[in-house]
Amino acid sequence: MAPRLIGIVILALGLLPLSNWIPGGEVDVEYGARLLDWANGLALCAVVGVLAWYLASRRARETSAPSVATTPTSTNDGWRVDLSVALVAVCLYATIARLVFSGRPLLIDEIVQVLQARWYAAGLVSVPTSEPREFYSILHLVDLGSRTFSQFPAGGPAMLAVGSLVGAEWMVGPVAGGASVFLFARLLRQLEPEAGAAWRLATTVLFAVAPFGAFMFGSHMNHATVLPWLLLAVLGLASLDRDVGSHRGWALTVGLGLGVAATIRPVDAAAFALPAAIWLLWRARRGGRAVGDLLLSGVGVSLPLAALFWVNAQTTGEPLLFGYDQLWGSGHSLGFHRSPWGPEHTPARGLELLSLYLTRLSVYLFESPFPALVPAAVSLLLARHLQRLDRYLLISAGMLLAGYAAYWHDGFYLGPRFVFPLLPALVLWSARLPRLLASRFTFSAPVWTGLRVALLSGAAYALYATLTVRMPQYRNGMTSMRTPIEARSAAAGVHDALVLVKESWGARLVARMWALDVGRSDAEVLYRTADACKLDLAVRALERQGVRGVAARDRLAVLRADSALLVKSPLSPDFTERMLPGFSYPVECQREIDLDREGFSHLAPLRLARDGNVYVRWLPGRESEIAAQYPGRAVYLLGRAGSEVESPLTWTRLSP
């Protein structure tokens with residue numbers, strides 16, 4: 001009953017546009033186009049499958065379907081095959097990292113974690129805060145006091161720091177991906193000991209080439225680095241369950257895997273750790289070696305957590321206080337409350353987010369012409385019983401979804417990234433479908449031929465869609481964040497200089513509010529709900545008067561009165577700026593609009609430049625103030641020769 005219910009829930013959340021049916025919240029604007037693509041793709045696969053069945057039925061008499069099971073093999077053999085597939089996967093992910101993502105961190109999350117990784121590689125958990133902060137601050141860096149550090153848990157940057165030590169942060173994700181493939185292959189031998197080597201190899205390859213995983217492993221995201229640790233813990237649990245190898249070693253492995261995962265993504269780790277802890281406690285109820293396993297797993301968890309708490313104490317000042325909570329306040333945490341960016345996070349919105357995650361996953365998981373969750377859901381509907389480890393994985397998946405339903409942010413980058421830990425379970429249940437069909441139904445050989453050809457046509461379509469649609473989309477996206485600044489500065493003859501980066505009016509406005517000690521959450525809400533010009537004029541007045549902190553926030557809060565009337569600015573190429581229709585901009589604001597139209601760049605990726613230059617934010621009229629901190633350096637203004645993101649960079653030498 002339980003697997004059928006889970007299958008029905010997956011189908012409902014993965015196929016139905018629940019987010020569009022719940023009023024006043026998140027909307028899946030791509031659902032209509034996605035439904036049309038699925039209809040066309042299913043029709044294509046069905047036609048190809050029926051044609052294959054027809055041709056096969058003419059050539060051969062009907063016979064019972066051959067069994068898909070083969071002679072069981074040892075759960076400990078085949079490690080060379082598993083390792084070979086993993087090494088090929090590393091090469092695939094490394095190719096994606098270089099050719100698709102230019103070997104660079106692109107999202108602000110990646111950029112800040114790479115910056116922190118370089119500090120770790122240099123032996124630092126934080127660096128002195130540069131003043132005045134408004135010249136240096138970027139999103140997700142905690143610079144509220146005398147020290148600056150990343151808002152993210154220490155484990156993700158620590159893994160990237162290994163790449164920093166060898167000058168190849170871009171290889172950390174591919175190596176993590178290869179480790180995940182190897183661990184998944186070993187896990188299959190525990191989960192499916194009766195399956196043949198061909199099935200396990202095919203399932204491992206499916207996991208390795210699934211586009212959702214392949215692109216994530218090519219990135220710098222900590223979703224890629226947390227997965228191998230979760231899989232290591234699951235493999236340890238599977239080995240304890242089947243009494244494979246040394247109890248003591250696997251028990252410690254379970255704890256270490258979950259503990260390290262917690263230092264990278266605490267919510268992901270908690271979703272897998274709580275069911276594991278309950279299972280280990282249940283095993284230990286009768287005493288014996290199981291008690292030792294429980295204690296050793298606790299030791300394994302405690303070691304990485306102790307390191308995490310030490311880093312927190314050195315940065316935020318409290319072992320249990322994370323950087324993102326200090327930076328954004330209590331609204332950043334799990335629960336139904338006001339989010340840091342303003343909107344109220346409610347249970348209805350949590351359900352909307354779950355719907356978005358799974359309908360998107362139905363596309364991004366395999367890029368198949370049919371909903372990608374259907375094979376896994378149908379397998380669950382056909383399953384007669386669940387192994388203990390199956391129950392564990394499904395409970396952990398449910399806890400992961402519940403955790404992110406209670407989290408306010410829509411995590412979308414390279415797909416629904418918050419549900420990335422579901423990848424192993426979804427691939428496993430998808431691959432089980434042919435074997436479950438064979439065990440429940442007796443099909444003729446031509447029918448099996450039609451089914452296989454239909455699935456192969458879907459795989460061919462997925463490969464074509466990945467290469468012609470998704471890969472170009474990723475390769476051609478976020479171009480302003482992947483500028484090879486070292487090559488461009490060398491070509492311009494700019495070295496050992498102070499470079500003032502011309503950002504958009506909106507970006508400078510937010511940084512100036514941060515400098516007034518307006519909290520990150522309050523600044524974000526103000527920027528999203530106030531006319532940019534009115535906000536700029538008010539910030540100028542506060543800067544002149546020296547008003548800061550709560551008083552500055554309260555003075556600015558009155559500008560939100562017209563928030564319901566705001567529209568995206570039709571004047572600026574920066575679509576994040578808001579404008580009140582009918583409000584006539586004075587000369588100060590018109591000048592800012594003109595600067596935006598001339599083109600702008602981004603400071604964040606340039607903080608990672610290794611060309612000897614110092615990159616800071618340009619604040620018009622304050623050039624001499626920042627130049628005084630770097631005597632002897634030439635000063636340049638870095639802009640663009642147009643408002644298009646592809647416009648070439650311009651380097652303007654400023655007079656002393």
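Let me start with the disulfides: searching the whole structure turns up one. Keep in mind that this is a predicted model.

The pair is Cys 533 and Cys 589, with their sulfur atoms 1.9 Å apart. The two cysteines link distant parts of the chain, being 56 residues apart. Cys 533 sits in helix α23, residues 532-545, and Cys 589 in helix α25, residues 587-598. As for handedness, the torsion about the S-S bond is about 80 degrees, so this disulfide is right-handed. Are these two cysteines buried or exposed? Both Cys 533 and Cys 589 are buried.

One more cysteine, Cys 45. Its relative accessibility is 6%, and the cut-off for buried is under 20%, so Cys 45 counts as buried.

Next, a helix pair. Helix α12, residues 266-283, packs against helix α17, residues 388-405. The angle is about 140 degrees, and the axes are 8 Å apart. Why call that oblique? Roughly antiparallel would need an angle over 145 degrees, so at about 140 degrees α12 is oblique to α17. The crossing of α12 past α17 is right-handed.

Which residues make the contact? On the α12 side they are Val 267, Asp 268, Ala 271, Phe 272, Leu 274, Pro 275, Ala 276 and Trp 279. On the α17 side they are Arg 388, Tyr 392, Leu 393, Ile 395, Ser 396, Met 399, Leu 400 and Tyr 404. Sorted by class, the contact between α12 and α17 comes to 13 nonpolar residues, one polar and two charged.

Key:
Residues are numbered from 1 along each chain as its sequence is written. This is a predicted model: local features need pLDDT of at least 70, side-chain atom pairs count only at pLDDT 80 or more; totals for chains, interfaces and linings use all residues. Side-chain values use heavy atoms; hydrogens and water are left out. Axes are lines fitted to C-alpha atoms, for helices over the stretch in contact, and angles run from 0 to 180 degrees between N-to-C directions. Helices (H or I, at least four residues) and strands (E, at least two) are DSSP runs, numbered from the N terminus. Angles under 35 degrees count as roughly parallel, over 145 as roughly antiparallel, 65 to 115 as roughly perpendicular and the rest as oblique. A crossing is left-handed if the near helix is turned anticlockwise from the far one by less than a right angle, and right-handed if clockwise. Contact means heavy atoms within 4.5 Å. Ala, Val, Leu, Ile, Met, Phe, Trp, Tyr, Cys and Pro count as nonpolar, Asp, Glu, Lys and Arg as charged, and the others, Gly among them, as polar. A disulfide is a pair of cysteine sulfur atoms within 2.5 Å. Buried means under 20% relative accessible area, exposed over 50%, partly exposed in between (1.4 Å probe, protein chains only).
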